[in-house]
Amino acid sequence: MDLAPILALAGVPLVGWGAHGTWLHRRLAHARRDPLTGLLTRDGFTARAERLIRSHAEHVTVLLVDLDDFKAVNDNHGHAAGDAVLAATADRLTRWCGSHGLAARLGGDEFAAVVLDSVHRLDDLRAALREPVPFAGALLPVGASVGASHPAALLLTEALSAADRDMYARKPDGRTARRR
């Protein structure tokens with residue numbers, strides 16, 4: 001009796017499950033990335049950030065970035081202009097983080113990052129995020145407030161809350177209370 005056809009048929013479901021597993025893995029990876037900016041989403045960021053904090057607690061800075069008056073960009077120039085500002089912000093934050101950190105878009109115009117040994121470079125980030133964004137032959141004004149915390153042994157959620165408080169203390173219009 002020739003077993004080759006039987007073994008071949010038995011392998012078909014395995015190939016199907018293998019293909020399904022690959023497809024599912026790609027979908028999950030895609031779901032952890034913001035489609036506009038390519039940055040990690042909150043879900044994709046959390047586990048990686050917590051690992052980075054645990055392994056380098058003494059040398060990590062957690063940042064929260066909020067674009068100032070972002071609604072005005074959308075209202076005055078349209079949503080495509082707002083998308084250009086978000087993408088430029090993501091690119092600038094990613095370049096600033098380099099290979100020693102990770103960046104995420106938490107939602108709307110709010111970004112986060114966890115980076116090693118960044119204290120001396122925060123002013124560089126703030127300056128980069130204030131650079132106008134080219135769009136449709138014009139330069140769009142951009143402002144961003146950046147808050148930082150040094151978690152040491154804190155949890156990511158506590159570090160983000162501390163960075164949030166620091167960020168709102170630095171808002172140009174003096175807001176110190178969280179909007180919502």
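pLDDT is the predictor's confidence in each residue, on a scale from 0 to 100. The protein chain has a mean pLDDT of 83, and 77% of its residues reach 70 or more. This is a predicted model, in which local features need pLDDT of at least 70 and side-chain atom pairs count only at pLDDT 80 or more, while totals for chains, interfaces and linings use all residues. Residues are numbered from 1 along each chain as its sequence is written, and side-chain values use heavy atoms, with hydrogens and water left out.

Helices (H or I, at least four residues) and strands (E, at least two) are DSSP runs, numbered from the N terminus.

Helix H4 covers residues 79-97. The expected span of a helix is 1.5 Å times one less than its number of residues. The 19 residues of H4 should therefore span 27 Å, and its end C-alpha atoms are 27 Å apart, which agrees. Buried means under 20% relative accessible area, exposed over 50%, and partly exposed in between (1.4 Å probe, protein chains only). The buried residues in H4 include Val85, Leu93 and Trp96. After H4 comes Gly98, with a positive phi near 60°.

A nonpolar core is a set of buried Ala, Val, Leu, Ile, Met, Phe, Trp, Tyr and Cys residues joined through side-chain atoms within 4.5 Å. The largest one has 27 residues, and among those that touch the most other members are Val85, Leu93, Trp96 and Phe111. Strand E1 (60-67), helix H3 (70-77) and helix H5 (122-130) are among the elements that give two or more residues to this core. H4 gives the largest share, eight residues. Another core, of 20 residues, lies apart from it and includes Val62 and Leu106.

Two loop residues remain. Most residues other than glycine have a negative phi. Asp69, in the loop between E1 and H3, has a positive phi of about 55° although it is not a glycine. Asp69 counts as exposed because its relative accessibility is 60%. Ala136 has a positive phi near 50° and lies in the loop between strand E4 (133-135) and strand E5 (138-140). At 73% relative accessibility, Ala136 counts as exposed.
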